[in-house]
Amino acid sequence: MEEVKAYIESGILELYVLGQLTATERTEVEVMASKHPEVKAEITAIELAMEAYALENAIAPSAALEDKILAQFTETKAQPKVVPLYEVKNDVRIKTLRYALVACVALLVISVAALFSVYTQLKLANNQIVSLSSEKDKFATTVTKLEFDKAGMQNQIDMTETTEWATVKLAGVANSPKAKMLVYWNKKNKSILINHSAMDLPKTDKSHEYQLWALVDGKPVSLGVFGENAKDAVQQMETIPRAQAFAVTIEPTGGSVNPTMEKMVVMGGVTI
Amino acid sequence: MALAKKISLSEEELVNALKRQDTIAIKALYDMYSGALLGVISRIVLHTEVAEDLLQETFVKIWNSAGGYDSSKGRLFTWMMNIARNLSIDKLRSKDFKNSNKNQDIENNVDFIDEQKKVSFNSDVLGLKDMVTLLKPEFKDVLDMVYFKGYTHVETAEELNLPLGTVKTRVRMAILELRKKFN
C-alpha cells in the first residue's frame, strides 16, 4: 500500500490527466488504475478538479458560433448518410445497367423474331421461285414439244400436198405389230427424209438406236441411224437412187454394217 | 441565450448519446463544455477567430472519434480537453499558422510560443474573464503553463529554470489546492 501511496504522490497521475505522458507511461498508469481502486479514485479526483478549474476559466464563445458549429454538425452527421447515398447511386447505376440489359435482351428477341420472319419469307420466296422455275421448264418443254409436233405436222401436210415426194409407209413386223413409220423419198434427187412425229417405234435403251435400211436388189444398204429423241421433227437420211423396200432395225449405238434381222421393227415395200 | 434551451446530461447519458451518434450529444456538450474548452483553446491560441475555428474542429473530432473514447480510462471531459489542447498545439506549431504570424524562429517551439504570447497579447481573452486566482502564484504559473498554455512539463521546467521534479511537485500541489477548493 505504501507503494501505491508513493505512486500517487509521485505526481504522475496529474501529468496523466493533463495529457503529458507518453503512450508507454499512459499504459502503465492505466494498468495501475485497473489494479488499485485508490489510483483510479485519485485520477477521478484530479479530473474533477481540472474540469472545475476549466469551467471556472471558461470563455463563452461568440453567440454566432453555436449555430455555426451545430450547423456544421448536421453536415457532419449527414456524412454517414453519404455512404448509403453512394450505395443508392450505385443502385441507380445497377438499375440503369439492368434496364439496359433488359433492353438488349428485348432487342435481341425482336431481332431473332424479325430474322426468323425474314428467313421464313425468304424460304417461301425460294419455294415459289423453284415452283415457278419448274413450271417455266414445264411450259418450255411443252412449247418445244408443240413446236416439234407442229414442224412434223407441217411436214406431213407438205408431203401430202406435193407430188415431188413419195411417202413410204413402214408397218410393224411380227416382233412389234403396233410399230409404224413414214419414210419420204424424193423422186427427183432421191433424198430421204423421216418424220419423228409420224413414227411409233418400240422403245430403245441408252446403248441402242434405230438404223434405217434400204433393200436394193435383196441387199440391205444403211441409210443412217436416228435416235428416239430427235432435235428436229424432220431428219434427212442418206440418199438412195433406188430401192425395193425400207426397214428399220434396232442396232447398238453408232449402227451396224449389217442389219440384225431379228431386231427389225418396221418394214415397208416401195409401191411407186 | 435562452437558458431553457440548455441541455445538461449525466456523464453516462452523454457518452451513450455520443457513441450512438445522436446529435443531442453535441448540443449537450456544446451547452455544457464549449466555454471550458474554448477557455483552454483561447489560452493556447490567442486569436479569437482561430480559437473558435479550433473549437469547431474539436467538436468534429469529438464526434468522429467517439468510438475511441474509453470511459474506464478517464472522464469524458478529460478526453475532450486533451483533444482540444492537442488540436490547438498542433495548430500553433503548424507551418501556416507560424507563417501567418510571420514568425522567423520556427525551430524552437518553446521560444516561439513564448514570443507569440508576448507579441500578440490577447486583450480579448483577458477581457472576457480573468484567470481564477485562488492558487499561490508559484503553483498557478506552473499549472497554467501546462494546462492552459500548451507547454509540456519538460518545456515548463526549461522555461522556468526549475528542476523537472519541482515542476511535477508544483503541478501536484496546485491540483491538490484545486481539489480542496472544488471537491
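**A walk through chains A and B**

Ser256(A) sits in the loop between strand 7 (245-252) and strand 8 (264-269) of chain A. Helices (H or I, at least four residues) and strands (E, at least two) are DSSP runs, numbered from the N terminus. This is a predicted model, in which local features need pLDDT of at least 70, side-chain atom pairs count only at pLDDT 80 or more, and totals for chains, interfaces and linings use all residues. Residues are numbered from 1 along each chain as its sequence is written, while chains are lettered from A and ligands numbered from 1 in the order in which they are written.

Stay with Ser256(A). Leaving aside neighbours within four places in sequence, Ser256(A) is in contact with Gln211(A) and Glu251(A). Contact means that the C-beta atoms of two residues, placed from the backbone, lie within 7 Å.

Now take in chain A. It has five helices and eight strands. From the N terminus, they run α-α-α-α-α-β-β-β-β-β-β-β-β. Of the 272 residues in chain A, 23% are buried.

Helix 4 (residues 37-56) of chain A has 20 residues. It reaches 28 Å from its first C-alpha to its last, close to the 28 Å expected. That expected span is 1.5 Å times one less than the number of residues. Its buried residues include Val39(A), Ile43(A), Met50(A) and Tyr53(A).

Turn to chain B. Helix 2 (residues 23-44) and helix 3 (residues 48-64) of chain B pack at an angle of about 135°, with their axes 10 Å apart. Helix 2 of chain B and helix 3 of chain B are therefore oblique to each other. Angles under 35 degrees count as roughly parallel, over 145 as roughly antiparallel, 65 to 115 as roughly perpendicular and the rest as oblique. Axes are lines fitted to C-alpha atoms, for helices over the stretch in contact, and angles run from 0 to 180 degrees between N-to-C directions. Among the residues that meet are Leu29(B) and Leu37(B) in helix 2 of chain B, and Leu54(B) and Phe59(B) in helix 3 of chain B.

Finally, the two chains touch. The contact takes 43 residues from chain B and 37 residues from chain A. Helix 2 of chain B gives the most to the side of chain B that touches chain A, with eleven residues.

Conventions
Buried ≥ 20, exposed ≤ 12 C-beta atoms within 10 Å, placed from the backbone.
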